[in-house]
Amino acid sequence: MDIKKIMIAHPEVSKMANYEEILWINPKSGSEASIPFGMSDIDDAEARLARFAPYIKKAFPETAKTGGIIESNLVEISNMKSQLVKMTGNFDGRLFLKRDSHLPISGSIKARGGIYEVLKLAESIATEKGLLSPDDDYSKLDSDEFRKLFSQYSVAVGSTGNLGLSIGIISAKLGFDVTVHMSADARQWKKDLLRSKGAKVIEYPDDYQKAVAEGRKEAASDPMCHFVDDEGSTDLFLGYSVAAKRIVPQLKEAGVAVDAEHPLFVYIPCGVGGAPGGVAFGLKEMFGENVHIFFAEPTHAPCMTLGLVTGLHDGIAVRDIGLDGLTDADGLAVGRPSRLVGTVMETLLDGCYTIEDDKLYPFLAHLADREKIYIEPSACASFTGPALVSAAAEYLKEKGLADKMQNASHILWATGGSMVPDSEMKLYYERGK
Ligand SMILES: *Cc1c(COP(=O)(O)O)cnc(C)c1O
């Protein structure tokens, strides 16, 4: 790979190689493309989650309030908006936080895709054995009979943490024999929590990609093992996409119109790309060109940005441009983007931006002070987005948005945090102060 040539063709890459923050506007956004999924796939995933709601409600009583539907609130954060304007620059419109940080069961956005993939697996096994049909009350899966059935199968996943939590918790609950392959930099509390739920945890001294590779290798030798492939799973992707359908009534309730006069901007932290990609795909299906989506990544591991800027997707890694790939932002320390998501985002995504690790903590502390909401550092990676995009005059002009920003709504997608132990959260908060 001729990196020099790449840097000449794409000046952003030179900046990225220097750990500089960038905003990249996607020149292909909105152009024609054949995307391998459609609305019917989102509907199918939503219906499957609805079938499982009685099971989820029974197995995880904390979901009783929502009838076994795993969903988070959308809240307006006006106090934080004033603060963000001071910290990052002015922007017009309303500011919201999507609290996937507080999703039940596993406390991160992974409670969408991760849990969905394992539920789908359980459904297909039980259906194939003639023990389950779509009209059944799925709460019957919470029984020794089904746990015994699922115990003959195993589930494996490679993860930096949050995906492992969600796959480990739901798999163990259903009765699967589950192994989470983790990089050594994963937080100790996540490993402890997983083990306490009955999951096996195997640690690797190398990075996340190595953990995934080891997990894949082990699973491939076992026909009874399902490997959750964070780098290319369609099930994960579609599980995440359901969020978009469910946010429609939430926006309505908040009095937010989304149309040509009222643009919606969504900012999501990105690791390998599955979670933000699935949500972005769903949002584009729901709102078309009236929603504008940006991914946020750490300056040390901007894998999706690098793949999109160069058009090489998973054919280039952050190490190829000399970056170390090391970041405090759990879940974002990913060197190479998903082979599935990069190409799908090529025409859907409006752009990407990067942020220095040190900025995450002050955002975390201010959100706690101003809104009494605690999220993890990686979930704060998106917070510079509204000011960055609002200052991108050329982009706004080209999209016909320049005179519409007073009517805009901005959503910061908070991707994780509620499972972080208080003692750790206190350290993050103090660092931010
Ligand atoms: C996983 C995760 C992300 C990003 O999701 P990807 O699918 O890896 O892109 C962002 N924030 C948090 C807290 C996460 O756990």
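Is Glu-123 buried or exposed? Glu-123 is buried, with a relative accessible area of 7% (buried means under 20% relative accessible area, exposed over 50% and partly exposed in between, with a 1.4 Å probe and protein chains only). This is a predicted model, in which local features need pLDDT of at least 70 and side-chain atom pairs count only at pLDDT 80 or more, while totals for chains, interfaces and linings use all residues. Residues are numbered from 1 along each chain as its sequence is written, and side-chain values use heavy atoms, with hydrogens and water left out.

**Domains and their interface**

- The chain is assigned domain 1 (3–38 + 64–106 + 235–432) and domain 2 (108–232); the bounds come from an automatic or database domain assignment.
- Taken over C-alpha atoms, the centres of domain 1 and domain 2 are 26 Å apart.
- In domain 1, 39 residues are in contact with 30 residues of domain 2 (contact means heavy atoms within 4.5 Å).
- About 2,900 Å² is buried between domain 1 and domain 2, and carbon and sulfur atoms give 55% of that area (buried area is the accessible area, with a 1.4 Å probe, that two parts lose on being put together, summed over both).
- Of the area that domain 1 buries against domain 2, 23% is supplied by Ser-106, Asp-235 and Leu-236, more than by any other three residues.
- Six salt bridges are found across the interface of domain 1 and domain 2 (a salt bridge is a side-chain nitrogen of Lys or Arg within 4 Å of a carboxyl oxygen of Asp or Glu).
- The same rule-based search of this interface gives 13 residue pairs in polar contact, both residues at pLDDT 80 or more (a polar contact is a pair of N or O atoms within 3.5 Å; within protein, one must be able to donate a hydrogen and the other to accept it, and residues adjacent in sequence count only if both atoms are side-chain atoms).
- On the side of domain 1 that touches domain 2, the elements giving two or more residues are α10 (234–253), α11 (274–287) and α17 (422–432) (helices, H or I of at least four residues, and strands, E of at least two, are DSSP runs numbered from the N terminus).
- Helix α10 gives the most to that side, with six residues.

**Salt bridges**

- Side chains of opposite charge can pair when their charged atoms come close.
- The whole structure holds 31 salt bridges.
- Arg-51 and Glu-123 form a salt bridge, with their closest N and O atoms 2.8 Å apart.
- Because Arg-51 lies in helix α3 (residues 39–59) and Glu-123 in helix α5, this pair ties together parts that are 72 residues apart in sequence.
- Arg-51 is partly exposed, at 22% relative accessibility.
- Lys-58 pairs with Asp-142 in a salt bridge whose closest N and O atoms are 3.8 Å apart.
- Lys-58 is in helix α3 and Asp-142 in the loop between α5 and α6 (144–150), so the pair links distant parts of the chain, 84 residues apart.- Lys-58 is partly exposed, with a relative accessible area of 45%.
- Asp-330 takes part in a salt bridge with Arg-187 (2.7 Å, N to O) and in a salt bridge with Lys-190 (3.1 Å, N to O).
- Asp-330 is in the loop between α12 and α13, and Arg-187 is in the loop between β5 (177–183) and α8 (188–196), 143 residues apart.
- Asp-330 is buried at 15% relative accessible area, whereas Arg-187 is partly exposed at 22%.
- A network of salt bridges links Glu-71, Lys-98, Asp-100, Arg-112 and Arg-246.

- Ile-316 sits in the loop between α12 (303–310) and α13 (341–348) and is buried, with a relative accessible area of 0%.
- Beyond its neighbours within four places in sequence, Ile-316 is in contact with residues including Met-1, Ile-3, Ile-6 and Leu-306.
- His-313 is also in the loop between α12 and α13 and counts as buried at 7% relative accessibility.
- The side chain of His-313 makes a polar contact with the side chain of Glu-346 (2.4 Å).
- Thr-347, in helix α13, counts as buried at 11% relative accessibility.

**Positive phi angles**

- Ile-105, a residue other than glycine, has a positive phi near 80 degrees; Ile-105 lies in the loop between β3 (94–99) and α5 (110–128) and is buried at 8% relative accessible area.
- Lys-372 is not a glycine either, and has a positive phi of about 55 degrees; Lys-372 lies in the loop between α14 (357–371) and α15 (385–390) and is exposed, with a relative accessible area of 62%.
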